[in-house]
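Me: I would like to learn how to read charged pairs in a model. Could you take me through the general idea and then the case at hand?

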Amino acid sequence: MKVQLWLEGEEAFIDIRLAEVRKIHEHWISVEVIQVNPNDRMRLKRFIDAPAAKHIEESDLIDHLLIRA
């Protein structure tokens, strides 16, 4: 599937060209990111809260998203 993800405080969306939905539960969607352009990957990387994720590899956070629908 293709995902257009809007980040809080930004006007332009992140274009995830190829993703796979892994799980849907109530208003949460678990997505595996397969293909995203380098600029959008950097924007997504800046959005992730590193202190909250110190025990998880940063690449895992970018490649496996949990999105509130």
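Reply: A salt bridge is counted when a side-chain nitrogen of Lys or Arg lies within 4 Å of a carboxyl oxygen of Asp or Glu. Here E10 forms such a bridge with R43, and their closest N and O atoms are 2.6 Å apart. E10 sits in the loop between β1 (3-5) and β2 (14-25), whereas R43 belongs to helix α1 (residues 38-47), so the pair ties together parts that are 33 residues apart in sequence. This is a predicted model, in which local features need pLDDT of at least 70 and side-chain atom pairs count only at pLDDT 80 or more, while totals for chains, interfaces and linings use all residues. Residues are numbered from 1 along each chain as its sequence is written, and side-chain values use heavy atoms, with hydrogens and water left out.

Me: Is R43 buried or exposed, and what is the relative accessible area of E10?

Reply: Buried means under 20% relative accessible area, exposed over 50%, and partly exposed in between, with a 1.4 Å probe and protein chains only. R43, at 14% relative accessibility, counts as buried, whereas E10 is partly exposed, with a relative accessible area of 31%.

Me: Which other residue forms a salt bridge with R43?

Reply: R43 also forms a salt bridge with D40, where the closest N and O atoms are 3.1 Å apart. Because they are 3 residues apart in helix α1, R43 and D40 are separated by about one helical turn, and both of them are buried.

Me: How many salt bridges does the structure hold, and how exposed are the partners in the one between E20 and R22?

Reply: The structure holds 5 salt bridges. One of them joins E20 to R22, with the closest N and O atoms 3.8 Å apart; E20 is partly exposed, having a relative accessible area of 37%, while R22, at 51% relative accessibility, counts as exposed.

Key:
Helix = DSSP H or I, 4+ residues; strand = E, 2+ residues; numbered from the N terminus.
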